[in-house]
Amino acid sequence: MLRLFLLMTIVEICAAQIDITLSVYTVTSKTLTMEWTPFPGASFYKLKATPKNSPQGQVFVQFGHSTILGSITSLTPNTQYMVQIEAIDDQMAVLVSGETDALTAPEIPVISSTYSKSSESITVEFPLVTGATSYILRAESKIGTFFSETRVLGSPGTIEGLQVYTEYEISIMSRNAGGRSQPSYPSDQRTVIAPPDLITTSPNSTSIVIRWAPVEHAVLYTFIIIQEGSTVHIDRNTSDTELVISGLKPGTNYTIKAQALDDMGRPGDDQTFSQITRPSSPDVLDVQISQGRSNTMVYWEAVKGATYYTVWTTNKQTCNGTSPSSCILEPVECGQNQTLSVTAYNDAGPSDPSNPALYLTYPCPPNNTRVEEYEPGNCSVIWDEVEMVDYYMVFVKDNDGNEKLCNTTETSCSFECMCGHFFISIVVPYNLAGGSPVVELVNYTTIPCCPESINITLVSSETVEIEWSEVSGAELYAVTAEETNDIIHCNDTENICALSDLECDTTYSIKVTPCSEIRGCNKTCKAHTQVTAPCAPEIINITQVNEETYRVHFSTPNREGTVYTITASVPGTTQSHVCTSTESSCELTGLPCGTIFEVMGVAQTNGGGRSLPGYDEILETGPCCPQSVVVKQVTQAMTNVSWTEASGARSFITSLKSRRGEAKCHTVDNSCLMGCITCGTNYTISMEAISSTGHKSECSYNGFSSSPCCPTNIKLYRIPGKLQLRVYWRSLGPHIYNHSVKLTGRMADLNCEAAPGVRYCDVEESACGNVYTVLITPVLPDGTKADFCQERTYSVPCPGNADILMVNV
């Protein structure tokens, strides 16, 4: 039973975990350290390593049940192993196992030698190890403040980034895909001292000066100086921090190798520098002023080692050149009798200047060159005297192509100069070096001539157009009029001008003055006269003469004989009315009612033409009266008056007048509801038609009579002992109308009519106990009845109840 229980327990455990995981933790040349997952129920673990491609035997080791990390030693370097882990219970039964492959690291390498050629590195030499794919160089300072590892592929290998003149412990490890070996036996090595940091200069063409800051731990400095292109070298040793090398060749590169030695005589890191000596002084070969004399060419002999040259003159002009050995001085300074020298340059600095050479230039152009016109048509070119000049050449040319040439030793040259011409003059001084190419062009313009023909045209009532022939030499034209205080109206280059905004009905004296920018304007030209158009009349007022005639009063601002035309026109139409006069008024006739006219005037003379239109004045004729008026009575005291459209009228005041009073209304409509009407009265009808600006027209129409008055105090009686009713009323106004009586009930409608002057009417009742609506209206002669009298309602009892019937409300 116990074995069965244990077997079931093992089965349950295996069901819960049937695997164990094995992995490599670390590797060395002869050791594999493995890591595995724990397995429940295991009493101990057995770790085995079997070489896969080697006849060597299997190696194993056992660990307790709580161990999950263990090592197998005594293995062969650079060998592939199959590693297996077994979980074993206390009955020595294997519960579960796992396996994996592992590769041991290569053999531990051996350092052959170490040395330092650089102050920041140490080089390690070693024999190669079988199976190693790379190597790890390890450096550790003796005081333990620095540690580094450098990966190299083979021997020799160098460790970089070290400190200057510092002791290090050096070791090496081999490495393959499995891992790295243990470090080799260490070797001590010190980095060398730093090289001196040189500052080199060449103070002249035959020496080099070397300076440097002291190097720590250095007791001696060695130098090797080699000339470029030569195998000869100069050796120098010194304990100072400055060294002068003399007797060198000019313009030559020298390579300088420097090292510092420590107190044990070990050379430190070396450093190589290059320094060129200054070039020798060049010789000036030639100085030439080029054709056209715009620059000067300077030629010199090239010297060895020079990269460029600078030419210096005593008047501070310079130019630079490289190859060929020349440069250009530009611009050339005129009138110079100077010297120049050439200096060669390279990276070391300048050479000594060359011997001075003579530098002679052409003369300068004269100052203050000008043209003076002593009298019209006689001019002279004048200039200031120039130093070092033998003679002057003067050229004068006008805009027609005419030329004049002077060769003189004086400082003036005369020539003929007509009006309206443009002159260019040049003065060129000459000496033994030639003529100055830099000359001043002097422009001179004579005063423009007056135009030969002028045409003046009146193009509008107050605008004059002037056109004239073009004038040679005129750059612009100024047009003035004496009557406008000679204010310039046009200042333009065109030969046409318009004088606008002139005074009307005025004679102007117009002058065209040609001008040039340099010489100004020719004010000797004669004036021409022109009369402007007449002034526009101003309408003073408009008075109505009769219904269709209006008199227009206007100003007369022009000379006698001016004809004034007054026009009244309807905007937006072709309708117009005209009157003319040479006086201050005229009459417009046949003007229709209800029309708004724009009235304006113009003036016309034989010499000045037609004026501008005067300002418009609005003439509004009285509004038209409506053609017909209709009066309809709405109630006994109220009528509705309507009328037809009336042109020009915006509102109406309608009046109904009688001897008993007056009714009036003011409206913008074509009808009006009027109260205060007395019944049975004759009325006259009048109306005022009013325009939008307040103009009124009086209108009269035939009168009308108001409707007869409706009866009042209506009563209904029963005649005693009969089925008969009597309607009684009172009547206002004249008793000249019949009255119609109508009783309307539920069971019968009763009617009767009373003669003029009778105030009652009897009707037969077919049945008693009825309710009647009683309506009594006057009857006009044409048989029409007033339709605004009010009805009364009565309840009619049967006989014996009452004699007077009361109104039901």
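Which strands each supply at least two residues of the lining of the second largest pocket? In this predicted model, the strands that do so are E46 (539-546), E53 (617-620) and E60 (696-705). The space in the second largest pocket amounts to about 280 Å³, and of the 21 residues that line this pocket, Gln544, Glu547, Tyr550, Thr621 and Gly622 are the closest to its centre. When the lining is divided by class, 10 residues are nonpolar, 6 are polar and 5 are charged.

Strand pairing was examined next. Strand E13 (residues 167-175) is joined to strand E10 (residues 134-141) by 8 bridges, the two strands running antiparallel, and E13 is also joined to strand E14 (residues 187-190), again in the antiparallel sense, by 4 bridges. Tyr168 of E13 takes part in both pairings, being the bridge partner of Ser141 and standing opposite Gln189 in E14.

A further set of 3 strands forms an open sheet with antiparallel pairing, in the order E61-E62-E65. Strand E61 (712-718) and strand E65 (760-764) each have a single partner strand and stand at the edges, so one side of each is left without a neighbour in the sheet. On average, and with direction ignored, neighbouring strands of this sheet are turned by 20° against each other. Within the sheet, strand E62 (residues 724-730) pairs with E65 over 5 bridges in the antiparallel sense, and the bridge partner of Gln724 in E65 is Glu764.

Technical notes: Residues are numbered from 1 along each chain as its sequence is written. This is a predicted model: local features need pLDDT of at least 70, side-chain atom pairs count only at pLDDT 80 or more; totals for chains, interfaces and linings use all residues. Side-chain values use heavy atoms; hydrogens and water are left out. On a 1 Å grid over the protein atoms alone, a cavity is a set of points where a 1.4 Å probe fits but cannot get out, and a pocket is an open set with protein on both sides within 12 Å along at least five of seven lines; lining residues have an atom within 4 Å of a point. Grid points are joined across faces, edges and corners, and a volume is the space filled by probe spheres set on the points. Ala, Val, Leu, Ile, Met, Phe, Trp, Tyr, Cys and Pro count as nonpolar, Asp, Glu, Lys and Arg as charged, and the others, Gly among them, as polar. Two strands pair if DSSP finds at least two bridges between them. Axes are lines fitted to C-alpha atoms, for helices over the stretch in contact, and angles run from 0 to 180 degrees between N-to-C directions.
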